[in-house]
Amino acid sequence: MATISSNATVTDAPKPFDSPKADIILRSSDGIDFRFFKVLLSLSSPLFSSMFDLPSAKADHDDLRRDGLPVLVVQEDSHVLTGLLGFLRPCGAPQFDTLELFSRVFQTADKYGMEDVMGALESMLMASKFMESEPGAVYAVACTYKLEKPARAAAKLTLRQSMLFPFSSMLESASAASLYRLIIYHQACVESALQALRTLALRNHPTPSRSCTCLWATSPLKGSEVLVKQWFWDYVQAISNDITRVLCGEAIHCVASRLSDVKACSYCREAAMMVFSRFVENLQDEVDVAVSQIKIEIKF
Ligand SMILES: [Zn+2]
């Protein structure tokens, strides 16, 4: 195995980490040399600042030199260094292809005490594609690094998925307590949405025509003496089943709109479609309001 303490085994990082004006080289664990600037490292990290200020530390990292520049061998690989140093340069923040890389860069920024970088990473996480594509994993990362805002936002987005969302290696670092709180949050949101559905159903159940021959529902709406026609009750029940799966108004709208198989008499059938349409529109808003009132408990 090649040793990265030897200049003969390393390669150079591409632009923008190849500046001839650099005054230090950071050597990654996979043997890539990043030419960089002490002042930028010092300004962003108290750890680097004291390292460069202390005469004894200076002598240590000056032991290894390349092209006249001191070489500092770090534990991070070139992917992490590219991401981390990208935040310290004046132009443009880096992008991350995976949440795993984002997580490793955050961990490194934390290790070096780079508060501004951590703040920028948190903002980036809030606006990242990962929020939509893998909110469960984002929730785990946010809890791991104690980022309340992304944790709350990601928890809410997990409601669009089944609680058993796709596995991510990011879950390995999250505490069991934080995942438990997510389950409790899901349950509370389901309950709140079901309550909103029942309330709306009671308020909006259709009044049948005198000639209607549809059966009355054998079960009244829960907690009420109101009798409704069986087709309306079936409709509400079908939506109830879906609410345990998807919990945002938009998704419920899609599900409910597909329920067009109305087992109603000829007097009710046409009216039923109008009832469904209006009901779904209202339900979308009611569910969103009901869910927004539930707050996940965040404890770090
Ligand atoms: Zn009828």
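## A buried tyrosine

Tyr185 lies in helix α10 (residues 176–204). Helices are DSSP runs of H or I with at least four residues, strands are E runs of at least two, and both are numbered from the N terminus. This is a predicted model: local features need pLDDT of at least 70, side-chain atom pairs count only at pLDDT 80 or more, and totals for chains, interfaces and linings use all residues. Residues are numbered from 1 along each chain as its sequence is written.

Tyr185 has 23 other C-beta atoms within 10 Å, so Tyr185 is buried. The cut-offs are 20 or more such atoms for buried, 12 or fewer for exposed, and partly exposed in between, with C-beta atoms placed from the backbone. Lys156 is 29 residues away from Tyr185 in sequence, yet their C-alpha atoms are 9.0 Å apart.

## Two helices side by side

Helix α6 (residues 115–126) meets helix α9 (residues 148–157): their axes come within 9 Å and cross at roughly 10 degrees. Axes are lines fitted to C-alpha atoms, for helices over the stretch in contact, and angles run from 0 to 180 degrees between N-to-C directions. α6 and α9 are therefore roughly parallel. That label covers angles under 35 degrees; over 145 is roughly antiparallel, 65 to 115 roughly perpendicular, and the rest oblique.

## The sheet

Five strands form an open sheet with mixed pairing, in the order β1-β3-β2-β5-β4. Two strands pair if DSSP finds at least two bridges between them. β1 (11–12) and β4 (65–66) are the edge strands, each pairing on one side only. β4 pairs with β5 (residues 69–73) in the antiparallel sense, over two bridges. Here Arg65 stands opposite Pro70 of β5.
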